[in-house]
Amino acid sequence: MRLHHKYMKYLLTISLVLVIMISSIVNVHAVRLENAIPVFDFINGVEEIDKPIIYNNRELSIKGKALEGTVITITTYWHQVDKGKTIISKNKLYEEDILSTGEWILQYSEEFQVGLSGIFGASVPVKPGKNKVVIASDTGESYEIEIEYIDNRKITEKIFSDMFDKVDLKFE
Amino acid sequence: MKLERIKSAVLFCLVLISIVLTTQIWLNMPIEGIFIISKKTEETSNFLLTPNVEKASFLKPNKLIINNNGNHTLLLNKTEVSMIYERILEDTKNMLIAALGATEGIEIEKYECDYIQKLRAGQTIELQLPFPYDYKLFTYILGVESPKWQGIEHIDAVLVGYYNNNLYLVDKENNYIFEFKSKFLKSNVRAMVDMIYNSKPYSYIFLSEVDQERYSDNVLIPVNIADHSMWKLSAYPESYGYTPESIAAAFFKDKDPSTLRSIIDSEGNIVYTDGEKQGIRISKTGLIEYVNYQTKLESNNSKFTLFDAVNIATNFVNSNLGFPKDSYISSIEQETVNNELYRCLIRYNYRYEGIPIINDDINMDNPIEVEIVNGEVKRYRRIVKNIRITEEEKILKNPLEIIDILLMRLNHYKNIDMKDIRIEDMYMSYLEYGIDIPTSMIPVWVVEIEGDFKDAGKYILNAESGVILYEPY
C-alpha cells in the first residue's frame, strides 16, 4: 500500500506508542515466574500443580527420582491454537500449523531407565503457547503439568512484521 | 510541503530509534556500540600480574553457571564465548568492588545457605570459586582497600541477579548468604546471558535439587548429551623444543650459564645448581622443579601476610616461565606458628577451552605450585603442557550412566552401603596419558566421593567408555 504523508504521520505516531507499550507488557509478563518446575518424585510423590506454569525458556529441564530399574517415559505436547485468535498466538508464528484448532500435538517422547543413581533427567524443547508434559512410569503412575511458554522476542518480532511488512514507506 | 516532509522524516527517525532502544531495554538484545561499548580483547596469556593486567585477573571461578527459571547452563571459557565469559567476570568484579568498597547506599541482608535454591530457581549467574576465599584476601585481590562489611569470613560463591542487579556472597562454613542491594549496582550481565541463550546452550541439572542426601549442591551435570562429542588432544611438555640450558638460564638470570653446575641423575633428569643457594631439576616428562636451599623450613618469625604470599608467588611465576592461558589460583594452604603465618602453598591451575587439565602425574593435578616459607620462595614446581587438537572425536556417555558405573563399583564390588555414599562434586576434565611425546589427552569425568570409608576420594572415569581409570587406594 502506498501511504499518503498525512496518514503516515498518524501511523508512525501510533506505532511508536504501541511498540513501547506492548513490548513492556509482554516483557513484564514473560519475566514473571509463577511456579518452579517440580521435581517428579516417583518415590515420595509430588505436590499437585493445578495451574499452568508461566515459562520463558525454550528448553525445559525435567528431572525426577525413581527406584532403580523403573522405566520413565517423558512425553510433551503442544497445543495448537485457532488462527487469528490473538495477536500472540496468530498462526504465522508457527510454520507447521494447519487448519485444525484446539488440539494437543505430540512433540517429543523418550524412555529412560533409572539406574543406581535413582535419578532421571532430560531437556525438552517447548514451543510458544501451551505445552503439556506427561511423565509416566512403567509402574502405572504418571504426572502431568501444563506450561505456558511466552517467547517475548517472537511476539515483538511478530508485532514489528505485522506493522511494517505491508507498508510501503515511500514519501509522496 | 518541504517542512512537512522534514517533520515526517524526523518522526520516522523517532520511530526507528524507539524500536532500537525498546529492543535493547526490554528484550535484552544488545547491539555493540549502543549502551554496550565494544571492547578489544586483551591478550592475557602467559602473564597474570604484568602492569597491564589487574590482580583480580587470577580470581576465577571453578564453575560459571547461568540459572534461568530453574534451567541451568554451565558456561565454559571456550574461544567462541570467551569475550562474553570475560565480560561476565569483569562485570561481576566491578559489582563486587562497588558493593564491598561502598560506604553508603548499600542495603545488606543475611539469609541461610538454603536460600541458594531460591536464587537458582530465579535469574542469576553463579560463580563457584575453586576454594573458600578468605574475605580479606578476596577484597585485597579485588583492590578494595578498606572493605566496609566486616561480618563476612569466607566466600565460596558469588551470585548476581541479572534482572535486579543484586549481588550475593555465599559463606558455606558459616551458613550465610549475604545479599547486597543498591541502585548503584549495575551490570551488563543480562545482555551477556541473552547472547548465551541465543546460542542454544546445553541444559544442566543440579542433582541436589532431586536428592540432597546423596549429592552435594556442587554436582551439576548436563542432560541430553547423547550426541555430544569432544576432541582428543595431544600434549607436548612446555620445555619441548628448548635446550635444558636455556630453561636453566631463565631461572638463573643473574648468573653466567658457564658457572652453573649440572648433573644427570639415574632417571635421566637434569639438575642445575649455582652451588650456593638454588637449583632446578628438569625431568623428561616436563616437570620443572626449583628449590631454594637456603630457605629454612623452620619459622624464623619473619612477618608476612597471605597477601604478601600471593604476590610473591604470582610474581615469581611471572618471572620464571610465566602462566599458561586461563590460569587461576586453585588452592591456598597455610601453616602458622603462634598465630603467625610462616608457610604457605599456593597452587594454580589452567584450562583448555574451559576444561581443566589433569597431568599424567595425578598427584600434581594442580600444574603450578609455589611454596613460600618465611616470606621467600622455597620451592616451585610446574608441569605445563602445550596442547593441540587432534582429529579424533570422543562421543560422551550420559553422566547419569557414569554415576551408575561408579555407584555399582562402590556398592556391588566394594560393599559400601548406598546410604553412606555422597557425591561431593563431578566435572569434566582432560586426562593426560602415554609415555611418548606427544602424549594424549582424553575427556574424562572426575567424581569426588565423600564418606567415612577408605575408598572415598577422587575417581576418574573415561567419558566415552565409562571405564574407571583412577580410584583411591
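**Close-ups of chain B**

**View 1. Lys181(B) pairs with Glu179(B).** The side chains of these two residues meet in a salt bridge at 4.0 Å, N to O; the term covers a side-chain nitrogen of Lys or Arg within 4 Å of a carboxyl oxygen of Asp or Glu. Lys181(B) is partly exposed at 28% relative accessibility, while Glu179(B) is buried at 4%. Buried here means under 20% relative accessible area and exposed means over 50%, with partly exposed in between (1.4 Å probe, protein chains only). This is a predicted model, where local features need pLDDT of at least 70, side-chain atom pairs count only at pLDDT 80 or more, and totals for chains, interfaces and linings use all residues. Residues are numbered from 1 along each chain as its sequence is written, chains are lettered from A and ligands numbered from 1 in the order in which they are written, and side-chain values use heavy atoms, with hydrogens and water left out.

**View 2. Arg351(B) and Asp326(B) form another salt bridge.** Their side chains come to 3.5 Å, N to O. Arg351(B) sits in strand E18 (residues 340-352) and Asp326(B) in the loop between helix H7 (306-319) and strand E17 (327-337) of chain B, so the pair ties together parts that are 25 residues apart in sequence. Helices (H or I, at least four residues) and strands (E, at least two) are DSSP runs, numbered from the N terminus. Both Arg351(B) and Asp326(B) are buried. There is also a network of salt bridges with shared partners, joining Arg281(B), Glu289(B), Glu333(B), Arg347(B), Glu369(B) and Arg381(B).

View 3. The side chains of Arg120(B) and Glu126(B) make their salt bridge at 2.7 Å, N to O. Over all chains, the structure holds 28 salt bridges.

**View 4. Phe138(B) belongs to the largest nonpolar core.** Such a core is a set of buried Ala, Val, Leu, Ile, Met, Phe, Trp, Tyr and Cys residues joined through side-chain atoms within 4.5 Å. This one has 112 residues, and Leu100(B), Phe138(B) and Phe180(B) touch the most other members. Helix H2 (residues 82-101) of chain B gives the largest share, eight residues. Skipping neighbours within four places in sequence, Phe138(B) is in contact (heavy atoms within 4.5 Å) with Leu59(B), Leu96(B), Leu100(B), Leu129(B), Tyr133(B), Ile155(B) and Val158(B).

**View 5. Helix H5 (residues 189-198) of chain B is largely enclosed.** That is because eight of its ten residues are buried, among them Arg190(B), Met192(B), Asp194(B) and Tyr197(B). Just after H5(B), Lys200(B) takes a positive phi of about 50 degrees.

**View 6. Asp404(B) touches chain A residues.** Asp404(B), in helix H8 (residues 399-413) of chain B, is buried at 17% relative accessibility. Leaving out residues up to four places away in sequence, Asp404(B) touches Gly115(A), Leu116(A) and Ser117(A). The C-alpha atoms of Asp404(B) and Gly466(B) are 9.6 Å apart, though 62 residues separate them along the chain.

View 7. For chain B, the average pLDDT is 85, and 90% of the residues score at least 70.

How values were computed. pLDDT = per-residue confidence, 0-100.
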